[in-house]
Amino acid sequence: MIMKKNMIIRMIMISMMMFSASIMSAQDDLQVSNVFQLYGHDKGCKMVELHHGTFKGYQLDVYKSLIYKKIGNNVENYLKQDRKNAKKVREIVEDGQVTSGYYLMKPIKSGINRYILFKKGENQSGTVIYIEGSLSPEQLMDLCTIRKK
């Protein structure tokens with residue numbers, strides 16, 4: 001009887017660990033996760049992380065942003081790697097240089113899209129954003145567009 005009880009407890013614990021690992025690893029296959037892990041707490045960087053929240057009226061599963069200074073070349077290397085695996089690429093090019101854009105990555109599961117957005121600034125500064133949720137590319141553009149009144 002005690003053996004059976006211990007076995008059930010172990011199975012529940014393993015199931016819980018597997019479930020939490022699947023939640024934690026939603027962006028682990030993306031190189032941009034390294035950007036947040038490596039630079040999220042560095043001096044000169046500001047990171048914001050939101051889980052299961054609403055942003056400008058849209059329900060998001062994950063929202064992460066990093067505003068950085070002086071590490072632009074490092075960040076760009078990770079973005080280039082994720083670009084290779086993107087399903088959709090939208091970039092703005094000025095004077096032959098990519099200055100901003102977004103990548104639609106492979107969905108985690110049906111209806112849950114993943115986006116990497118970025119904007120490069122002067123002197124190796126910029127912003128990287130990771131969004132995970134049911135937003136369509138059109139809704140993402142609506143979310144990012146600033147409307148003039």
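Reader: Among contacts in the protein chain between residues at least 6 apart in sequence, what share join residues at least 24 apart?
Author: The share is 44%. Please note that the model is a predicted one.

Reader: How many helices and strands are there?
Author: The protein chain has four helices and six strands. Read from the N terminus, their order is α-α-β-β-α-β-β-β-β-α.

Reader: And what percentage of the residues in the chain is buried?
Author: Of the 149 residues in the protein chain, 34% are buried.

Reader: On to the largest nonpolar core. Which residues touch the most other members?
Author: V32 and I116 do, in a core of 20 residues. Two or more residues come from each of α2 (32-39), β2 (58-68), α3 (72-84), β4 (97-109), β5 (112-120) and β6 (126-133).

Reader: Which element gives the most to this core?
Author: That is α2, with four residues.

Reader: What is V32 in contact with, leaving aside neighbours within four places in sequence?
Author: V32 is in contact with D82, I116, V128 and Y130. Another core, of twelve residues, lies apart from the largest one, and its members include Y58, Y115, L117 and I131.

Reader: Turning to α3, which residues are buried there?
Author: The buried residues of α3 are G72, V75, Y78, L79 and D82. Viewed down the helix axis, they fall within an arc of 130 degrees, so they line one face of α3.

Reader: What do the buried residues of α3 pack against?
Author: They pack against α2, β2, β4, β5 and β6.

Reader: How does the span of α3 agree with 1.5 Å a residue?
Author: Its 13 residues should span 18 Å, and the end C-alpha atoms are 19 Å apart, which agrees.

Reader: At what angle do the axes of α2 and α3 cross?
Author: They cross at roughly 155 degrees and come within 8 Å. The crossing angle makes α2 roughly antiparallel to α3.

Reader: Which residues meet there?
Author: From α2, V32, N34, V35, L38 and Y39 meet N74, V75, Y78 and D82 of α3.

Reader: Changing topic: where does S65 lie?
Author: S65 is in strand β2.

Reader: Is S65 buried or exposed?
Author: S65 has a relative accessible area of 7%, so it counts as buried, the limit being under 20%. Not counting residues up to four places away in sequence, S65 touches F36, K46, M47, V48, V128 and I129.

Reader: Let us look at P137. Where is it placed?
Author: P137 is in helix α4, which covers residues 137-144.

Reader: Is P137 buried or exposed?
Author: P137 is buried, because its relative accessible area is 16%, again under 20%.

Reader: Which residues does P137 touch, not counting those up to four places away in sequence?
Author: P137 touches K88, Y102, L104 and Y115. As for Y103, its C-alpha atom is separated from that of P137 by 9.8 Å, and the two residues are 34 apart along the chain.

Reader: Which residues of α4 are buried?
Author: The buried residues of α4 are P137, L140 and L143. Around the axis they cover an arc of only 115 degrees, which puts them on the same side of α4.

Reader: Why would residues three or four places apart point the same way?
Author: An α-helix has 3.6 residues a turn, so residues with that spacing point the same way.

Reader: Finally, what do the buried residues of α4 pack against?
Author: They pack against β1 (46-55), β2, β3 (88-94), β4, β5 and β6.

Technical notes:
Residues numbered from 1 in each chain as written. Predicted model: local features only at pLDDT ≥ 70, side-chain atom pairs only at ≥ 80, totals over all residues. Heavy atoms only, no water. Buried < 20%, exposed > 50% of the residue type's maximum accessible area, 1.4 Å probe, protein only. Contact = heavy atoms within 4.5 Å. Core = buried A, V, L, I, M, F, W, Y, C linked by side-chain atoms within 4.5 Å. Expected span 1.5 Å × (residues − 1). Arc of directions from axis to C-beta. Axes fitted to C-alpha atoms, helices over the stretch in contact; angles between N-to-C directions. Parallel < 35°, antiparallel > 145°, perpendicular 65-115°, else oblique.
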